[in-house]
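Colleague: I'm new to reading structures, and I'd like to learn how to go through one feature by feature. Could you take me along?

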Amino acid sequence: MSVQGKVALVTGGGQGIGRGIALRLAKDGADIALVDISRDALTTVAGEIEATGRRVTTFVADVGDRDQMRAAIDHAEQELGGFDIIVNNAGIAQVQPISAVTPAEVERIFRVNIQGVLWGIQAAADKFIALSRKGKIINACSIAGHEGYALLGVYSATKFAVRALTQAAAKEYASRGITVNAYCPGVVGTDMWVEIDRRFAEITGASKGETYRKFVDGIALGRAETPDDVASLVSYLAGPDSDYMTGQAILIDGGMVYR
Ligand SMILES: NC(=O)C1=CN([C@@H]2O[C@H](COP(=O)(O)OP(=O)(O)OC[C@H]3O[C@@H](n4cnc5c(N)ncnc54)[C@H](O)[C@@H]3O)[C@@H](O)[C@H]2O)C=CC1
Ligand SMILES: CC(=O)C(C)=O
């Protein structure tokens, strides 16, 4: 119950890792503001959160739009009576050899994965300061934020950028008592990996499921990660036990990348 009575906003909360994080924080005692571009997905997860007994509100927003992120945070505060934690989880993948990447593709992924995190940090910190709260900012990074992967070069660049933003924001907001950290999962069996596997197959001729299996074979603990594995770390980063930690991008990957 480390976040009992707190208000937590989770972006990309409509499925996958974001859903897992939102459910875990609700079970830990937080009220949840769910943000996603998909209204249908939000409705389903909101029902699951209500079943935990915590309050939940939903807001359809594109994290790459600064005004929409500010509106989402205002909505969370108005509906749930406060604002304490933001999990900037929403992200998209892109599988493409560097030789074939187009400007439009770069703009699309930078907008969601970098600007989405940046606007989330900025709007959340402004709100924490306005409310005089020592908030927690938690960003989605990846093993790809510690190591560049072939065919995932631009995606990897966005996750390296998340680490940079996490470190810089930690330094800028430390005097306000706001902490900023990131979680770096490995291979989590969500829709994102279905799409990554499909694109690897298209580009390399690998069979369906082959790329996913190869990545999972590289995990020391011998199995793919689940959203609940990721949510355990986020639960810690959201709660008081991590109060003395800031600017960190923590690998939770079953043993894939060692830094
Ligand atoms: N699945 C994996 O193996 C890993 C995922 N990650 C990161 O974890 C985060 C979540 O990934 P998954 O749950 O696997 O992805 P997912 O594709 O299963 O779910 C992403 C969610 O974000 C939402 N979303 C996408 N663009 C959005 C936007 N512009 N505004 C608001 N919501 C938006 C989608 O509608 C969806 O509900 C991402 O940042 C991803 O890069 C990091 C390492 C590994
Ligand atoms: C999706 C992702 O971050 C990887 C590298 O699996």
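Modeller: Gladly! This is a predicted model. Let's begin with the length of helix 4, residues 103–130.

Colleague: Where is the kink in helix 4 centred?

Modeller: On Arg111, and the kink is about 35°.

Colleague: Now the ligands, please. Which residues surround ligand 2?

Modeller: For a shell, we gather residues with a heavy atom within 4 Å. Around ligand 2 these are Ser142, Ile143, Ala144, Tyr155, Gly186, Met192, Trp193 and Ile196. Helix 6, residues 191–204, gives the most to this shell, with 3 residues.

Colleague: Which polar atoms lie by the oxygen atoms of ligand 2?

Modeller: Here you look for pairs of N or O atoms within 3.5 Å. A polar side-chain atom of Tyr155 is 2.7 Å from an oxygen atom of ligand 2. For Gly186, a polar backbone atom is 3.2 Å from a ligand 2 oxygen. The side chain of Trp193 has an N or O atom 2.9 Å from an oxygen of ligand 2. Taken alone, ligand 2 exposes 220 Å², and the protein buries 95% of that.

Colleague: Where does ligand 2 sit?

Modeller: In the largest pocket.

Colleague: Then which residues come nearest to ligand 1?

Modeller: Of the 27 residues around ligand 1, the nearest are Asp36, Asn89, Tyr155, Val188 and Thr190. You have met Tyr155 already, in the shell of ligand 2. Helix 1 (16–27), helix 5 (153–173) and helix 6 each supply at least two residues of the shell around ligand 1. Helix 6 has the largest share, 3 residues.

Colleague: What polar contacts does ligand 1 have with Gln15, Ile37 and Asn89?

Modeller: Read them as before. From Gln15, a polar side-chain atom lies 2.9 Å from an oxygen atom of ligand 1. A backbone N or O atom of Ile37 is 3.4 Å from a nitrogen atom of ligand 1. In Asn89, a polar backbone atom is 2.8 Å from a ligand 1 oxygen. On its own, ligand 1 has 830 Å² of accessible area, and the protein covers 93% of it.

Methods. Residues are numbered from 1 along each chain as its sequence is written. Chains are lettered from A and ligands numbered from 1 in the order in which they are written. This is a predicted model: local features need pLDDT of at least 70, side-chain atom pairs count only at pLDDT 80 or more; totals for chains, interfaces and linings use all residues. Side-chain values use heavy atoms; hydrogens and water are left out. Helices (H or I, at least four residues) and strands (E, at least two) are DSSP runs, numbered from the N terminus. The expected span of a helix is 1.5 Å times one less than its number of residues. The bend at a residue is the angle between axes fitted to the seven residues ending there and the seven starting there. A polar contact is a pair of N or O atoms within 3.5 Å; within protein, one must be able to donate a hydrogen and the other to accept it, and residues adjacent in sequence count only if both atoms are side-chain atoms. Accessible areas come from the Shrake-Rupley method with a 1.4 Å probe; for residues, only the protein chains shown count as cover. On a 1 Å grid over the protein atoms alone, a cavity is a set of points where a 1.4 Å probe fits but cannot get out, and a pocket is an open set with protein on both sides within 12 Å along at least five of seven lines; lining residues have an atom within 4 Å of a point. A molecule sits in a cavity or pocket if more than half of its atoms lie within 2 Å of its grid points.
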